Amino acid sequence: MTTERAMVELPPHVLEYLSAQRTLTLATASLAGVPRASTFLYVNDGPTLYFWSRPQTTTARHIEQNPTVSFAVDDFASDLRQTKGVQGSGECSVLLSGEEIARVADLFGRKFPDLSPGNTMSISFFRVAPIELEFIDNSGEGASAPGGTFGAEFHRERSYSVFENLPAFDTDTITGQLQPSTADAGDVIAREGGPADKFFVLVEGEVELVRGGAVLATLGPGAFFGEMAIMRDVPRSASVRATKPSKLLAMERDAFRDVMAQALGTTAEFDKVIRDRLGPLESGV
Ligand code: CMP
């Protein structure tokens, strides 16, 4: 059995930066597209960020309507060469499991020992699962701008992306076509022999591929599936079942085909992925 995993770990210097910072500015939008930016204390567990808010705030309402968020973590430096920060986008959801709430409350207690725990019954904890995350660091070599120059270049590096494993897509093009969805452990996301209706990218959680009752592979964050049936115009080659609570991005079949038709070379790259994947399938491993 194979396990596919994308770049799910942040580089140590980015983790270190996230652990050292205290506040996160979160941008949300209502369903009608009305934006809102607010700043929160946060903790992180790897790339996953957590914050708390009162349930009746605009931010909480937006997240309920529209889980897509973007975020920035930064500290002000009057010398632009000292500028560092993290920017990203992701999916946000309220924590419902008592166990996870207790774990996150404990992370807050450790990071902010001076904050008294208060009454956690009157607040909601939220999780941001990043889709993409960039680290901005102007302090390194090549940061040519003199301190304080307006219009200076910012040096950014892509530190995390659930699209990392995807063949050469312009991620801005596909992000607009992707709809967030969730699955609970045990949910069947695609059924063997079923129609090729959607293409999926797994953002958080884990799924297993089942063919004829046998588990073929487990896929982790950053993995994608559902491309075979769409590209080859055949029924689903395997069932895909969530083994953990999972967050996904789904693209309708026609949108997937359109995006592929526009991106030069992508079809060939997907073909190679499919051939590699069919190897173990066809040999029945
Ligand atoms: P599709 O056939 O549309 O639906 C099931 C999906 O499981 C399939 O597309 C692939 O995306 C995925 N899949 C099938 N076999 C493998 C494999 N051996 N390794 C990884 N993914 C696979």
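**View 1. Val 73 and Val 86 are bridge partners, the latter in strand β6.** Strand β5 (residues 68-75) and strand β6 (residues 84-94) run antiparallel and are joined by eight bridges. Strands (E, at least two residues) and helices (H or I, at least four) are DSSP runs, numbered from the N terminus; two strands pair if DSSP finds at least two bridges between them. This is a predicted model, in which local features need pLDDT of at least 70 and side-chain atom pairs count only at pLDDT 80 or more, while totals for chains, interfaces and linings use all residues. Residues are numbered from 1 along each chain as its sequence is written, and side-chain values use heavy atoms, with hydrogens and water left out.

**View 2. Ala 27 stands opposite Ser 70 of β5.** Strand β2 (residues 23-29) runs antiparallel to β5, with three bridges between them.

**View 3. The largest nonpolar core has 44 residues.** A nonpolar core is a set of buried (under 20% relative accessible area, 1.4 Å probe, protein chains only) Ala, Val, Leu, Ile, Met, Phe, Trp, Tyr and Cys residues joined through side-chain atoms within 4.5 Å. Phe 51, Val 86, Phe 163 and Phe 199 have the most contacts inside this core. Strand β7 (residues 124-137) gives the most to the core, six residues. The core lies between domain 1 (12-161) and domain 2 (173-278), because both give residues to it; the domain bounds come from an automatic or database assignment.

**View 4. Phe 51 touches residues that include Leu 24, Phe 40, Ile 63, Cys 92 and Phe 126.** Contact means heavy atoms within 4.5 Å; residues up to four places away in sequence are not counted here.

Technical notes. Buried means under 20% relative accessible area, exposed over 50%, partly exposed in between (1.4 Å probe, protein chains only).
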